[in-house]
Amino acid sequence: MLAFQANAVVDKNFDYHVDRFADIEVLRYEVPEFDRLTLNQKKMIYYLSQAAQAGRDIIWDQNGKYNLQIRKLLENIYKNYKGDKNSPDYKAFETYLKQVWFGNGIHHHYSTDKFTPAFSETFFTEQVNALPDSMLPLLPGQSKAEMLTVLTPVIFDPTVMPKRVNQDGTIDVVANSASNLYGEGVTQTEVEEYYAKLKDPNDPEPISYGLNAKVVKENGKIKEEHYHLNGLYGPAIAKIIYWLDMAKSVAENDAQKAYITKLIDYYITGDLRLFDEYSILWAEDTASDVDFVNGFIESYGDPLGMTGSWESYVNFKNKEASSRTETISNNAQWFEDHSPINPKFRKPNVKGVSAKVINAAMLAGDAFPSTAIGINLPNANWIRAAHGSKSVTIENITEAYDMASHGNGFNEEFVIDAPTRKMLEDYLYITDMLHTDLHECLGHASGQLMPGVDPDALKENGSALEEARADLFALYYLADPKLLELGILDNPDAYQAEYYKYMLNGLMTQLNRIEPGKDVEEAHMRNRQLIAAWILEKGKKDKVVELVKKNNKTYVKINDYRKMRDLIGQLLSEVQRIKSEGDYKAGNELIQKYAVKVDPKLHKEVLDRYSKLDIPPYRGFINPQYELIYDNDGNITDVKLKYGENYVDQMLRLSQDYTTLGF
Ligand code: ZN
């Protein structure tokens, strides 16, 4: 049926399921085609994987200043526990530790709310007291009692560091976020004033201000401390540099060598101009099969959207599937020229939107265990405009999600009728992949800012509106006959599968990820609710989409898919205008009206229906292991790929082998 079938070879016996706790399921992913790589490519993946793991502690520390200390303490309690492993306190402790591992700290990776331990403070204190001082992660000069005085409320008191990223625009989002991206006592106004002075609004090639910096207050003065070899996170960065250097020795070509060299120089100096130079070289290298990201990249963890969370992806090209995205990319200008937006906001020359499908080989930092299914980098607007960007769809991760979900009862519970379920079965996998391709290859790359518009003008709504723009672009074109003409889809109605799923998710099922009484917070979720709720309201008169009741259950019913597409085009036009003109007010009104508030009755219904299905709201992955094989003379002859590890063992091993920042 499909012109471009996803992976041809799927190992039906591969065991995707690893662990299950709280609201999380941990999966493993397969790395198909690894054995087809050359020895040098395999070595490169090994070295880059080491560089990826070496940065692990950075994200833990960025996420909260007590995280590394708490991790060490919890792991030592876990490893030395002598009591009853079936006691409720111990079970709750084990769950908490698994949650903390998954969150790279004491806050939920997605909601960013602090985890609530279900074990008692007494249990905790007893376990700490049972450990000898040598096993306690004490700060220099700190006693056990002092450590407990600090850490007990951090773990147990819900009012202490309650949220990692606070995006409530009515309060000081810097002072009220528990992440460690800003120093003690620093306020939002101080940070904004500090950067306002640094930024030159007329600079056509601005550096990414604050990307690798912690803004601190010293003797009442605001200043930046940078992440680099001799600065913050130096010991971890030293290890990263070592492994990047090893990777450079087996690079596939000179272009790749050049960008690795530049990345190392940037890690040594912390100079953001070098990071931009690296980003350009990296974006322009589309020839190499093995590729990676390693650095301070995405800024979702910063309430002001500036500081990059450390992450790493190591991957290599999936050649078959890449032909699909290459076709889309080669036609980027056609899509841009036909976009339903004001022509002055279109890019006259969409440059080098490179796209490929990759297999992930190692996930790390902010991209682990929870991970994205697509990446589009670099993030700097001017680099994207002048040099293009690299856009990837991660095939083996998408596939693992899909394979792990088969037969979980979701469609039977939430999809309105049998014909719609059939449509989803036939077309959702391919249209979901295409949605990601279009979102990453074209959506984020499309459109232009009007001269003089500050790229950060949309402030705390910037991420959600940018995701909305990319999603709307993707949704609009999924229904375009162009995809049939290009041979990517074979059925003009295939897009309806994605449209149905999008509305169902945005209006109902994503609420499963939110606790009762809470608002929608995360940028991608706000984006999805914004789009779905806006379409529902604007299409009300013509009954384009409805929420209907059957047997007391709510269902999404789509009556007119063509009109739904028109509405998508209209909203795309408005969101692009907001972005192009930097219209904060209009953007904020859209977000506040459609993206944030939750209908408590519907929310409860979704949670109840979900709870009967036993589907975890969040999923993530552990990595495979790579082992070097030597001959008798000590030469590396092969790299072996292994899958068998479980979640706990992997986390303990990472702490054992890759602790770089204290403890
Ligand atoms: Zn996106």
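Biologist: How many bridges join strand β2 to β12?
Modeller: First, this is a predicted model, in which local features need pLDDT of at least 70 and side-chain atom pairs count only at pLDDT 80 or more, while totals for chains, interfaces and linings use all residues. Residues are numbered from 1 along each chain as its sequence is written, and side-chain values use heavy atoms, with hydrogens and water left out. Helices (H or I, at least four residues) and strands (E, at least two) are DSSP runs, numbered from the N terminus. With that settled, β2 covers residues 24-28 and runs parallel to β12, and the number of bridges between them is five.

Biologist: In what order do the strands of that open sheet stand?
Modeller: Two strands pair if DSSP finds at least two bridges between them. Here the pairing is mixed, and the three strands go β1-β2-β12.

Biologist: Why is one side of β1 and of β12 left without a neighbour in the sheet?
Modeller: Look at β1 (17-21) and β12 (618-622), which stand at the edges.

Biologist: By what angle are neighbouring strands turned against each other on average?
Modeller: Axes are lines fitted to C-alpha atoms, for helices over the stretch in contact, and angles run from 0 to 180 degrees between N-to-C directions. For the strands of this sheet, direction is ignored, and the average comes out at 25°.

Biologist: Helix α4 lies across β1, β2 and β12, so to speak; at what angle to β1 does it run?
Modeller: Contact here means heavy atoms within 4.5 Å. Find residues 88-103, which make up α4; the angle to β1 is about 115°.

Biologist: And what angle does α24 make with β1?
Modeller: Helix α24 (residues 647-657) packs on the sheet too, touching β1, β2 and β12.

Biologist: Which residues of helix α7 are exposed on the face turned away from its buried side?
Modeller: Buried means under 20% relative accessible area, exposed over 50%, and partly exposed in between (1.4 Å probe, protein chains only). In α7 (residues 188-198), the buried ones are Gln188, Val191, Tyr194 and Tyr195. They share one side of α7 because they cover an arc of only 135° around the axis (taken from the directions from the axis to the C-beta atoms). The face turned away carries Ala196 and Lys197.

Biologist: Which protein residues are the donors of the zinc ion?
Modeller: Donors are N, O and S atoms within 2.8 Å of the metal (3.2 Å for Na, K and Ca), and sites may look incomplete since water is not among the atoms. In sequence the donor residues follow H-x4-H-x22-E, and both histidines are buried. Lying 2.1 Å from the zinc ion, the donors are His439, His444 and Glu467.

Biologist: Which residue's backbone oxygen does the side chain of Tyr477 reach?
Modeller: Tyr477 sits in helix α17 (residues 462-478), and its 0% relative accessibility is why it counts as buried. Beyond four places in sequence, its contacts include Trp334, His338 and Arg565. A polar contact is a pair of N or O atoms within 3.5 Å; within protein, one must be able to donate a hydrogen and the other to accept it, and residues adjacent in sequence count only if both atoms are side-chain atoms. At 2.5 Å, the backbone oxygen reached by Tyr477 is that of Phe335.
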